[in-house]
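Visitor: I would like to learn how to read a model like this one, feature by feature. Could you show it to me, please?

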Amino acid sequence: MMERSNTAEAGSLDTAALAIRGMTCSGCAGRVQRALAQEPGVRGAVVDLAGGQAEVHYDPAETTPGMLAEVVRLTGYSAELIHPEATR
């Protein structure tokens, strides 16, 4: 199930892909998506429960992939960057 928030705006946005462990239901995915959506600089987030991943579109002037992963961790789930060399 995919949970969506906002839409990516044109401009200088970056995308972070996060591997998330510990989500067991759509409520979990929704909780993660809402937490990411509230992070300053996030312009859009898609959480894939079945795949255990999140794709986040963000303004690199306002947040970083590491900060996004920490938001997920503070929500109670494990999070790691996917392809961290491709993100800032």
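**Reading the model**

Visitor: Does Cys-25 count as buried, partly exposed or exposed, and at what relative accessibility?

Guide: Cys-25 counts as partly exposed because its relative accessibility is 35%. The scale calls a residue buried under 20% relative accessible area, exposed over 50% and partly exposed in between, using a 1.4 Å probe and protein chains only. Before we go on, note that this is a predicted model, in which local features need pLDDT of at least 70 and side-chain atom pairs count only at pLDDT 80 or more, while totals for chains, interfaces and linings use all residues. Residues are numbered from 1 along each chain as its sequence is written, and side-chain values use heavy atoms, with hydrogens and water left out.

Visitor: How many disulfides does a search of the whole structure find?

Guide: A disulfide is a pair of cysteine sulfur atoms within 2.5 Å. The search, run over the whole structure, finds zero.

Visitor: Let us step back to the whole fold. How many helices and strands does the protein chain have?

Guide: Helices (H or I, at least four residues) and strands (E, at least two) are DSSP runs, numbered from the N terminus. Here the protein chain has two helices and five strands, and along the sequence they follow the pattern β-β-α-β-β-α-β. Of its 88 residues, 41% count as buried.

Visitor: What share of the contacts in the protein chain with a separation of 6 or more comes from residues 24 or more positions apart?

Guide: Contact means heavy atoms within 4.5 Å. By that rule, residues 24 or more positions apart account for 68% of those contacts.

Visitor: At what angle do helix 1 and helix 2 pack?

Guide: Axes are lines fitted to C-alpha atoms, for helices over the stretch in contact, and angles run from 0 to 180 degrees between N-to-C directions. Helix 1 (residues 26-38) and helix 2 (residues 65-75) meet at about 135 degrees, with their axes 9 Å apart. Angles under 35 degrees count as roughly parallel, over 145 as roughly antiparallel, 65 to 115 as roughly perpendicular and the rest as oblique. Helix 1 and helix 2 are therefore oblique to each other.

Visitor: Is the crossing of helix 1 and helix 2 left-handed or right-handed?

Guide: A crossing is left-handed if the near helix is turned anticlockwise from the far one by less than a right angle, and right-handed if clockwise. The crossing of helix 1 and helix 2 is right-handed. Helix 1 brings Arg-31, Val-32, Ala-35 and Leu-36 to the contact, and helix 2 brings Leu-68, Val-71, Val-72 and Thr-75. Sorted by class, this contact has six nonpolar residues, one polar and one charged. Ala, Val, Leu, Ile, Met, Phe, Trp, Tyr, Cys and Pro count as nonpolar, Asp, Glu, Lys and Arg as charged, and the others, Gly among them, as polar.

Visitor: Which residues does Val-71 touch, not counting those up to four places away in sequence?

Guide: Val-71 touches Ala-35, Leu-36 and Glu-39 on that count. It is 32 residues from Glu-39 in sequence, yet their C-alpha atoms are 7.7 Å apart in space. With a relative accessible area of 13%, Val-71 is buried.

Visitor: Where is the place of Thr-63?

Guide: Thr-63 sits in the loop between strand 4 (53-58) and helix 2. Thr-63 is buried, with a relative accessible area of 2%. Apart from neighbours within four places in sequence, Thr-63 is in contact with Glu-39, Pro-40, Gly-41, Tyr-58 and Leu-68. Asp-59 is found in that loop between strand 4 and helix 2 too, and it counts as buried at 17%. With neighbours within four places again left aside, Asp-59 is in contact with Leu-13, Gly-41 and Arg-43.

Visitor: Is Ala-50 buried or exposed?

Guide: Ala-50 is exposed, with a relative accessible area of 74%. Its place is the loop between strand 3 and strand 4. Val-42, by comparison, lies in strand 3 (residues 42-48) and counts as buried at 6% relative accessibility.
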